[in-house]
Amino acid sequence: MSWTCPKCSRVFKNNRQSHDCTFGSVTLHLSKSNAAVQEAAHYLLDYTRKLGAVQISTVKSGILVGGTANFLSIRPKKERLEIEFLLKEELTEFPVYRTFHVSKTKVAHFVSVDSTADIDAQLKA
């Protein structure tokens with residue numbers, strides 16, 4: 001059963017889940033990024049929308065993409081996007097520069113993207 005925060009309208013898996021209601025818009029988060037980074041972010045968000053019913057929300061630290069749970073986090077910087085995504089298995093090949101086990105069945109992966117050209121088949125998979 002899910003719970004919707006009455007203040008920010010975000011949907012969570014757990015009742016009264018701890019979170020920060022501070023958020024802005026995708027445009028606001030990308031406002032200090034260069035044009036190539038903005039294009040890459042919009043490309044990635046458009047791609048995730050094609051996957052099915054996803055929810056895109058913004059929080060203080062960045063942009064979150066999820067279904068029943070968040071599976072992608074985008075943190076815009078001036079010259080790049082810092083992307084974190086969850087998988088069942090660990091991938092260590094480039095462009096993944098860091099991983100850690102979140103639980104027994106989930107591994108967080110970190111990738112840095114400078115432009116749309118950096119969003120390759122591996123990242124889309």
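Start with the surface: the accessible surface of the protein is about 8000 Å², and carbon and sulfur atoms hold 54% of that area (Shrake-Rupley method, 1.4 Å probe). This is a predicted model, in which local features need pLDDT of at least 70 and side-chain atom pairs count only at pLDDT 80 or more, while totals for chains, interfaces and linings use all residues. Residues are numbered from 1 along each chain as its sequence is written, and side-chain values use heavy atoms, with hydrogens and water left out.

Next, switch to a cartoon view. The protein contains eight strands and three helices (DSSP runs numbered from the N terminus: helices are H or I with at least four residues, strands are E with at least two). Along the sequence their order is β-β-α-α-β-β-β-β-β-β-α. The radius of gyration is 15 Å, close to the 14 Å of the globule rule for 125 residues, so the protein is as compact as a globular protein of that length (taken over C-alpha atoms; the rule is 2.2 Å times the number of residues to the power 0.38). The C-alpha trace spans about 40 × 35 × 25 Å along its principal axes.

Now select strand 6, residues 81-87, and pick out Phe85 within it. Is Phe85 buried or exposed? Phe85 is buried, at a relative accessible area of 11% (buried means under 20%, exposed over 50%, with a 1.4 Å probe and protein chains only).

Then show what surrounds Phe85. Beyond its neighbours within four places in sequence, Phe85 has contacts that include Phe71, Leu72, Val96, Val111 and Leu123 (heavy atoms within 4.5 Å).
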